[in-house]
Amino acid sequence: MSEVRYEKATRIYPGTEVPAVNELDLDIADGEFLVLVGPSGCGKSTALRMLAGLEFIDHGSVYIGDRDVTLTPPQDRDIAMVFQNYALYPNMTVAANMGFALKQQGVPKEERAKQVKEAARILGLEEFLDRKPKNLSGGQRQRVAMGRAIVRHPQVFLMDEPLSNLDAKLRVQTRTELTDLQARLGVTTVYVTHDQVEAMTMGHRVAVLKDGVLQQVDKPRTLYSHPANLFVAGFIGSPAMNLVEVSRNGGPPSIGSLQVPVTPDVAHDLESTGGDLVVGVRPEHLTVGAEGLPGKVIVVEELGSEAYLHVQVDHQHEPIQLVVRAAGETEIDRDDTVHIAIDGPTHVFTPDGRRLGT
Amino acid sequence: MRDNTGAIVGGSRVKSTLLGLMTWAIALIIFFPVFWMVLNGFKEEADANTNPKLFFDPTTAQFDEVTSNPAGLLGFGEAFSNSFWAVGISTILVLVLAIPAAYSLSIKPVAKWRDVLFFFISTKFLPVVAAILPLWIIARDLELLNTRLILIILYTAMNLPLAVWMLRSFFAEVPKELVEASQIDGANLRGQITSVILPIVAPGLAATALLCVIFAWNEFFLAVQLNPVDGSTVPIWVTSNVSTRGNFLAKLSAASVLATLPVVLAGWAAQKRMIRGLAMGAIK
């Protein structure tokens, strides 16, 4: 168990000029579950592989504990990694797969068997120890990959989209188990995913990357309530935040005829900021009622416990769509006219993505 | 319910039966000379030569004769032991050298690996006959003429490019994550190769080894040029049964059967390994 630190770590793939990971600064505390999230190609996997030692670090450094591992080969970093396709050794049994790392460390056979058994017990794999990976289901393979990681008590767990090959139901279940397992073992974990639901539900903190640049790293709740910039605002949250471009003519920002309430610090910033803005409101902070901005319902997404209405409204003489959360089992139908009001916090950004206020 | 057992998608039954018959016919035509050779080996000289018979009293006399009577200077035992050494050692050497080469051309490719790969195959462009004179002179100067060592060296060199090419393509099939996983699990280079890569490419390894064995076992030109007196191999022993005093077809057939047998056995053994490797489901 150890803390992990990236210091201006940069990876530039040979033959390219734009860094895949650009001067990443990130402190991960001992025992923390940190999730790296972002769209494909944002550099999250590269960042993880830099920590694993599978990717050369062109500039900057990476520390595990107080050890500078920038130039340390993977086999000497004392880490364990779970791969997206699990990368189980096909020629070995489950037990041999899980014991492979211990064997490389020269752990005696009996001790190895004991530790493998213990890990198998934790993961419910005891009856499969003699099987080969090809005779296991996807979920079982995923567990073996987990078992291979936990059996060696590494300083850091690295996970590269470990749930993305499972079907939806199993993924949700495994997500919970994994969170629980990490909490019990207390091992520092770096977890890569493109799925922001996984990021929000699993991470103690979440680091959002875009084009190799760290956008924000914070607790999931803070990320949701105070996105540091326009990209994070649009990326975190499902359905996504409503983002509306607003051209200003002196007065306070408004969506259509609907005036956008802002906090005093945003109002203060607005005074010194000229030009256009982007206003963000989450679907749950919009309400339908008797009064407000009129609009036509285009689509109703009924989820049972709640419903999302896609409403077309007039904004600066252009039709735009807003997503509004309504109560489940809603009476509202397609083509109905509704009135939208803002009831909750709003977010204001400059067109280049900077957040106003705090 | 409709029964589709035995149905062929997109083709009639008659057509597929015809195709099957044709395949068998072609296979039999190709196999017939081999079959005739084996048959001849068990005949008296008269039955094989002057008046070829399909039905005859089988005898092992020809086998006894080719194995016991040293025809000319080269004996059966000597030729076989020379061949076994030259083929066995050269094949082992080829694999020992080709495995690391294949690793550094596929799994962790060196810079300009395509050029390296091309260089390997380019060494096969020159016909052996064009190189035989310098080879002979070098062998003479090193006092390696008529030794097993010269054949071991040349067979290794001869098969190495092919083995590197074959193994490289098999290694390239190994999922990259498996090698990375083994690295993270703490395996050094040797551990990665022996515990992870080789078990997965075992069928390919067997196929490569088999080809090396076949090519080296059947090699005639180098052996006959460089080792005419000592260190001669089985193909030369077979031709030593060709006589100017007449056609001893039965005897020659018996010698050929004996010369073929080890290769057939090697093929059979390699095939078992190949099937076992594939059945392991290693390569997705």
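This is a predicted model: local features need pLDDT of at least 70, side-chain atom pairs count only at pLDDT 80 or more; totals for chains, interfaces and linings use all residues.

Residues are numbered from 1 along each chain as its sequence is written, chains are lettered from A and ligands numbered from 1 in the order in which they are written, and side-chain values use heavy atoms, with hydrogens and water left out.

Chain A as a whole, then. It has 9 helices and 20 strands; helices here are DSSP runs of H or I with at least four residues, strands are E runs of at least two, and both are numbered from the N terminus. Along the principal axes, the C-alpha atoms of chain A fill a box of roughly 75 × 45 × 35 Å. Of the 358 residues in chain A, 49% are buried. Buried means under 20% relative accessible area, exposed means over 50%, and partly exposed is in between, with a 1.4 Å probe and protein chains only. The accessible surface of chain A is about 16,300 Å², and carbon and sulfur atoms hold 49% of that. These areas come from the Shrake-Rupley method with a 1.4 Å probe, and for residues only the protein chains shown count as cover. Taking contacts in chain A with a separation of 6 or more, 68% are between residues 24 or more positions apart; contact means heavy atoms within 4.5 Å.

Now the sheets. Strands of a sheet pair through backbone hydrogen bonds, either parallel or antiparallel. Two strands are counted as paired if DSSP finds at least two bridges between them.

In chain A, 4 strands make an open, antiparallel sheet in the order 2-1-4-5. Which strands stand at its edges? Strand 2 (21-28) and strand 5 (67-68) of chain A do, each with a single partner strand, so one side of each has no neighbour in the sheet. Strand 1, residues 4-11 of chain A, pairs with strand 2 of chain A in the antiparallel sense over 5 bridges, and A:Tyr6 stands opposite A:Leu26 in strand 2. Helix 1 of chain A, residues 44-52, lies across strands 1, 2 and 4 of chain A and runs at about 115° to strand 1. For that angle, axes are lines fitted to C-alpha atoms, for helices over the stretch in contact, and angles run from 0 to 180 degrees between N-to-C directions.

Another open sheet in chain A has 5 strands in the order 15-19-16-17-18, with antiparallel pairing. Strand 15 (286-289) and strand 18 (318-327) of chain A stand at the edges, each with a single partner strand, so each has one side without a neighbour in the sheet. The twist from one strand to the next averages 45°. Strand 16 (residues 293-302) and strand 17 (residues 306-315) of chain A pair antiparallel over 7 bridges, with A:Tyr308 in strand 17 as the bridge partner of A:Glu301.

Strand 9 of chain A, residues 205-210, runs parallel to strand 3, residues 33-37, with 4 bridges between them. One pair there is A:Leu34 with A:Arg205. Strand 9 of chain A is also joined to strand 10, residues 213-218, by 5 bridges, this time antiparallel. The hairpin of strands 9 and 10 of chain A has 2 residues between the strands, and A:Asp211 takes a positive phi near 50° in it.

That brings me to backbone exceptions. Most residues other than glycine have a negative phi, and most peptide bonds are trans. Phi of A:Ala87 is near 50°, and A:Ala87 counts as buried, at 6% relative accessibility. The peptide bond from A:Ser238 to A:Pro239 is cis, with omega near -5°. A:Pro239 lies in the loop between helix 8 (230-235) and strand 11 (242-246) of chain A.

On to chain B. B:Lys112 also has a positive phi, of about 55°, in the loop between helix 4 (76-106) and helix 5 (113-122) of chain B. Is B:Lys112 buried or exposed? Exposed, at 63% relative accessibility.

B:Asn40 lies in helix 1 of chain B and is buried, with a relative accessible area of 3%. Beyond its neighbours within four places in sequence, B:Asn40 is in contact with B:Ala48, B:Leu249, B:Ala250 and B:Ser253.
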